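Biologist: This one is new to me. Please walk me through it, a piece at a time.

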Amino acid sequence: MAREGNLEAPTRHPLDWRNPDFYDEAKCFAELERIFEICHGCRRCVSLCQAFPTLFDLIDEGKTGELDGVAKADYWKVVDQCYMCDLCYMTKCPYTPPHEWNLDFPHTMLRAKAIKFRKGEVKAAEKLLASTDVHGSLAGIPVVVQTVNAVNRTQPARALMENVLGVHRDAWMPELATRTLRRAAPESRAAQVVDGERTPGKVAIFATCYVNCNEPGIGLDLLAILEHNGIPYTLVEKERCCGMPKLELGDLESVAAAKEANIPVLARYARDGFAILSAVPSCTLMFKQEIPLMFPDDPDVQLVKEAMWDPFEYFSARRRDGLLRTDFQRGLGKVSYQVPCHSRVQNMGRKTEEILKLIPDTEVQTLERCSGHAGTYGVKKATHPVAMKIGKPVFKNMAQHKGGGTPDVIGSDCPLGGHHIAQGFEVNQLGAPKLMHPLTMLATAYGLKNP
């Protein structure tokens, strides 16, 4: 008899994406049918995202009220709503490995997305939207940046983007930086490397497309914090997009190409004893989980996996080593902080909350629920309204601070998710607290920048 559910932590199997059977649509649909049948009998994940309500509505509104009443072609409607947050696998599903039913909803969705991509059914606009290296190539170019940013703020430009690129005209969109992190970053003044029991004493920064080209201030705050703590740092010599936007499309060959560009470079830093930090949870997760699952036999991939840290995971371990300064100069007041899905999936605990709670005169309220942004999902014409609906419980709960009234500061480790939450506050008239990335909060508390 099958066990009712898992009594053990979920484990991941390598992604067998090089196997020709991986792209066999009939075999994939057989697995989708098996998984959907199990999900139909459980329904524990109904509140996580739109994939599960879509599936259950198809079943409930079908001729039989069971999965056999759903047309196979409608399975794609479920696949299209999955944005690879991984929360069903890591926090909800009782039938993940090592349970004998071996249910992996996210990677089965990824398999279906990969088949769709290989069939040529992903639109050119979606491919362009996921090409973050292309977008960032304009950052830091005088006049061009100001012109692009100004035009993108106009209603005619947003209407054109909606019609041509499928970007919802009301969705928040990042601006290009007038100066990239790579150009603005000061050289590290710290010289002495002090290794801790748990932490390397020197850091290599994987800048990420977003921080480098859109919000370099987040990266500069991270560098200032490292400098304040006497930790020598360097920016990774060169890098490509981590591959997460391409993974969400099912474009696994592009993920592999990004891996071939990034891993040899990052592996050198890992061998030299650096901790590698990335300030965007999705990028960190790519190197900690998705790329290692795609390339389980590549020793350099595994080496980078072990060397990759979330910044607050690193600061928390540094504190346990007795090497993190706590000479905070100012409090932050009432903070409402959201833990991004891709931070939760890293299984590191609430490290950002842990560090923020060290700051005097600061009351931290933490929410562990999806903001709904989920990369390109939150900006697409078809899914932006759904993303705002998914995030509404987060917006409302963050607006009701446990200290009473609205918070003074809101934020998320995911920069895009943070802006999505701020937009949710505005749209739902929940107040106008200051949006700050947690690294900016920490730099502000240290007195390294003005609030």
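Biologist: Strand 1 and strand 2: in which sense do they pair?

Modeller: In the parallel sense, over three bridges. Strand 2 covers residues 233–235. Two strands count as paired if DSSP finds at least two bridges between them. Helices (H or I, at least four residues) and strands (E, at least two) are DSSP runs, numbered from the N terminus.

Biologist: What should I know about the numbers and the source?

Modeller: This is a predicted model, with local features needing pLDDT of at least 70 and side-chain atom pairs counting only at pLDDT 80 or more, while totals for chains, interfaces and linings use all residues. Residues are numbered from 1 along each chain as its sequence is written, and side-chain values use heavy atoms, with hydrogens and water left out.

Biologist: Which way do the residues of strand 1 point?

Modeller: Val203 and Ile205 point one way, and Ala204 and Phe206 the other way. All of these are buried. Buried means under 20% relative accessible area, exposed means over 50%, and partly exposed lies in between (1.4 Å probe, protein chains only).

Biologist: Next topic. What is the order of the open sheet of four strands?

Modeller: The order is 6-5-7-8, with parallel pairing. Strand 6 and strand 8 (434–435) are the edge strands, and each pairs on one side only.

Biologist: How many bridges join strand 5 to strand 6?

Modeller: Six, and the two strands run parallel. Strand 5 spans residues 333–338. Its Val335 stands opposite Val364 in strand 6.

Biologist: Why is strand 6 largely enclosed?

Modeller: Five of its six residues are buried, so strand 6 (residues 362–367) is largely enclosed by the rest of the structure.

Biologist: Which strands does helix 21 lie across?

Modeller: Strand 5, strand 7 (409–412) and strand 8. Helix 21 is residues 415–427, and it runs at about 140° to strand 7. Axes are lines fitted to C-alpha atoms, for helices over the stretch in contact, and angles run from 0 to 180 degrees between N-to-C directions.

Biologist: And what does helix 22 touch on the sheet?

Modeller: Helix 22 (residues 438–445) touches strand 5 and strand 7. Its direction makes about 130° with that of strand 7.

Biologist: At what angle do helix 17 and helix 22 cross?

Modeller: Roughly 45°, with their axes coming within 11 Å. That makes helix 17 oblique to helix 22. Angles under 35 degrees count as roughly parallel, over 145 as roughly antiparallel, 65 to 115 as roughly perpendicular and the rest as oblique.

Biologist: Which residues make the contact of helix 17 and helix 22?

Modeller: Helix 17 brings Pro311, Phe312 and Phe315. Helix 22 brings Pro438, Leu439 and Leu442. Contact means heavy atoms within 4.5 Å. By class, that is six nonpolar, no polar and no charged residues. Ala, Val, Leu, Ile, Met, Phe, Trp, Tyr, Cys and Pro count as nonpolar, Asp, Glu, Lys and Arg as charged, and the others, Gly among them, as polar.

Biologist: How do the axes of helix 12 and helix 17 cross?

Modeller: At roughly 10°, coming within 12 Å. Helix 12 is residues 216–228 and helix 17 is residues 311–320. That makes helix 12 roughly parallel to helix 17. Leu222, Ile225 and Leu226 of helix 12 meet Pro311, Tyr314 and Phe315 of helix 17. This contact has six nonpolar, no polar and no charged residues.

Biologist: Now charges. How many salt bridges does the count come to?

Modeller: It comes to 28. A salt bridge is a side-chain nitrogen of Lys or Arg within 4 Å of a carboxyl oxygen of Asp or Glu. Glu31 and Arg34 form one, with the closest N and O atoms 2.8 Å apart.

Biologist: Where do Glu31 and Arg34 sit in helix 1?

Modeller: They are three residues apart in helix 1 (residues 25–42), so about one helical turn separates them. Glu31 is partly exposed, at 22%. Arg34 is partly exposed too, at 32%.

Biologist: What about Glu162, buried or exposed?

Modeller: Buried, at 9% relative accessibility. Glu162 meets Arg169 in a salt bridge (2.8 Å, N to O). Arg169 is partly exposed, at 39%.

Biologist: And Glu197, buried or exposed?

Modeller: Exposed, with a relative accessible area of 74%. Glu197 forms a salt bridge with Arg198, where the closest N and O atoms are 3.9 Å apart.

Biologist: Last one. Which residues are linked in a network of salt bridges?

Modeller: Arg350, Glu353, Lys357 and Glu368.
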